[in-house]
Structure formats: C-alpha cells, structure tokens
Amino acid sequence: MDRPLLNRRLAAFGTTIFAEMSALAQRTGSINLGQGFPDADGPEEVREAAVRALRDGRGNQYPPGPGIPELRTAVAAHQQRFYGHLGLSYDPDTEVLVTAGATEAIAASLLALLEPGDEVIALEPYYDSYAACIAMAGGSRVPVTLRPSPETGTYHLDLDELRDAVTDRTRLILLNTPHNPTGTVLTRDELTAVAELAVERDLLVVTDEVYEHLVFEGEHLPLASFPGMRERTVTIGSAGKTFSFTGWKVGWVTASPELTAAVRSAKQFLTYVSAGPFQYAVAEALALPGSYFTALRDDLRAKRDILASGLADAGFQVFRPAGTYFITTDIRPLGEQDGFAFCRALPERAGVVAIPNAVFYDHQDQGAPFVRFAFCKSTATLEEAVRRLKRL
Ligand SMILES: Cc1ncc(COP(=O)(O)O)c(C=O)c1O
C-alpha cells in the first residue's frame, strides 16, 4: 500500500509530546513536571461519592445523552454561584452539556460549528488538541501569538494582531483563559476587546476555561458574561482540573440552547455518553463549599512560588503565571536555545522532565527557547525537582 495510513488532516500531528516525555520520565526515573496531572487525588468525599454511585448502580448503564440531571443542575448552580454576580446563569436542561472531559467538549464544538475551510483564530502557544481538532473538523487555523514581555515577566495578547487576523472566512475564536502554557489570565480590557471584535465581526467563540479556579493574581472573568457574548459563546469547564480527577474525564459545556444543541449533535456520535458513576460524584464536588476552591488555589499558589523561585535560582528566566498550574521559562540565560533538545537531554542531565513550548506553536521559532514545567505536584516533589535543576 503506497498510500499512507494516517490521513492528511492528521499526518502532521504524530504522537503527542506528552506520551514521549512521560515515557522518558519512566525510563529514566525522572520527576515528571511535563504532563499536567496532579500527583494526589482530589477530595476523599468525592472519591467516596463515585464508589457509592458505582455500588448503588447509579450510572453503570448509559446515562442520559446530555449528562445526568444532577450534574447538569450542579454545573448550572456552580455558574450561578461563581458568576451570577456578572449576570451569567444557565438553564440545566437546555444550556448544559456533559462531555468526556474538556477534550471532547473542544472536539465536539469544533466538529459541530465549523464548515470545511472556515478559519479559527487560536491564541498561540495553544493546548495541543486545538490544532488537531480544528484539522479534524476541516477548519483552518490562524494563530495569534501571545508575546512574552521580559520587562513584565508575563505574556500578553496583542489586540491589533488579533483584529488583523480576522478575515471574511473567520468563523470562530478559540480562546483559553487562564492560559496553558503561559499562565496568562486575560484581563477585563483584553476580554472586552475580544468580545467587541466577536460582536462586530459576528464570530462565535469557544472559550476553554478549565483553569477557572486556578487564578492567583487578578480574577477569572468568563467571556460569556461580556456584552453580546452570552448567545455566541461556548464555555468549557472540567472536573479534571478543578477537582484533581483527570482520569475521570468529566467536562461540560455551557452555552445558549441553540449552541448547546449543535455541540450535542457532534458529541452524541463521539462518545454518546461517558463516566456514568463519576458524573454523580462530580455533581457532589461542584457543591463543595467555597473553602474547597480557596484552599485549592492557595495550595497551588504556594507551589507556584516554590517552583518559580527554584527555577529562577537555577538560572531560568521565569514567566510568573497568574493562573493555571504551569510555568513557562526561557532557557536562554542557561546558554541554551532549543527547547526540544533541552527537554530531551534534561532527564539525563538533571532527572527532571519538562515540555518544550515549541510543540504549542505553528511559528515554532517563536516558541523555541521556552520550556514548560507543571507544579501540580507535592511540595516534596517540587523541592526535589528544584534541587536537581540547580545542578544545571
Ligand atoms: C487548556 C486545556 N484544555 C483542556 C484540557 C483537557 O481537559 P480534560 O482532561 O478535561 O479533557 C487541558 C488539559 O491539560 C488543558 O490544559
């Protein structure tokens, strides 16, 4: 067979860097600060709720397509609790859709909303499934690059560049705030500009807000709460990030009835349903008291500080994240230029695994000297990683 097995749409994507780097971590016994999964499970009572559901026979057979009512109600109540003061609320029956993680929510949204040839603007560097999902949907991606500013130590969105990226073929903006991998939390002014642009050019926005509760500086503002955005925005959340159960793959979409129905049309032929018993547990998790969410954030803020100062002491330039559990660093102060080569050598050199940011770029040259570390790990693990990195 001369013809390649993998089709043209996916040929460029190969194996994700996370698989390669996690395998490298195992082979070398390194501390894995590559993939963003916590090294401790979420709350015991939520785990118990899953066990109870499983034993009680709740969710062991196909749950309802849009998600169990208890979870849809809990998602709507969560949005009301945290964003009701911004005027945002959703009807659990028509405006909430439970998905197999945020990953399926992203895929289903793009598969549902794009025609082949439609352009999608995505903030670069971007989470790796975005490019693949845009490609699977036959869309064409138009990256708008977030630029690092060594003076402020943060990344920012160039609003002129964003405006210039819109063409007559642009269908939607795929946004992510708090932003992986840069840790940027888009400001009120930036989100206002995005909203105004979307309204002016009649664009849809799919906004990935899975790190909504991991904001250390500033505040998380859902794009859907901005004027004119409620009816054109698909908002995505995830229990994996908020409750530290990444293996359960429970995510959700909140959007207008029309958008929710469109996304559901694609979702029903991807997984149809998933994670039955876990849906019951996540419904309970979403109702945890405010102290849970505050403690999660405070714990991760302290971990950010440990890793950020350790990386700075080890010679990296650190872009201090305002949100998420990732830190992007510049390796040039260490005399290095190429993040790929650096990350492939790092396990042998220092017993630590990190991810080269170039994998999150179309313009790979823009991402070449940047490397991402995850800090959703125990304090002891982070301290040991810092000790090892100081060997550099
Ligand atoms: C920005 C972003 N979106 C989506 C996901 C995937 O979320 P889930 O595990 O719920 O599919 C991740 C996971 O790392 C992420 O960083």
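Four strands make up an open sheet, ordered β11-β12-β15-β14, and their pairing is antiparallel. The edges belong to β11 (317-319) and β14 (355-356). Each has a single partner strand, so one side of each is left without a neighbour in the sheet. The model is predicted.

Pro356 stands opposite Val371 of β15.

A second open sheet holds seven strands. Their order is β2-β10-β9-β8-β7-β3-β4, and the pairing is mixed. Here β2 (96-100) and β4 (140-145) are the edge strands, each pairing on one side only. From one strand to the next, the twist averages 25 degrees.

Leu175 stands opposite Thr207 in β8.

Which strands does helix α4 touch where it packs on the sheet? Helix α4 (residues 69-83) touches β2 and β10 (250-254). In the four-strand sheet, helix α12 (residues 290-313) lies across β11, β12 (326-330) and β15. The table sets out the angles of both helices.

| Helix | Strands | Angle |
|---|---|---|
| α12 (residues 290-313) | β11, β12 (326-330), β15 | about 10 degrees to β12 |
| α4 (residues 69-83) | β2, β10 (250-254) | about 110 degrees with β2 |

Conventions:
Residues numbered from 1 in each chain as written. Predicted model: local features only at pLDDT ≥ 70, side-chain atom pairs only at ≥ 80, totals over all residues. Heavy atoms only, no water. Pairing = 2+ DSSP bridges. Helix = DSSP H or I, 4+ residues; strand = E, 2+ residues; numbered from the N terminus. Contact = heavy atoms within 4.5 Å. Axes fitted to C-alpha atoms, helices over the stretch in contact; angles between N-to-C directions.
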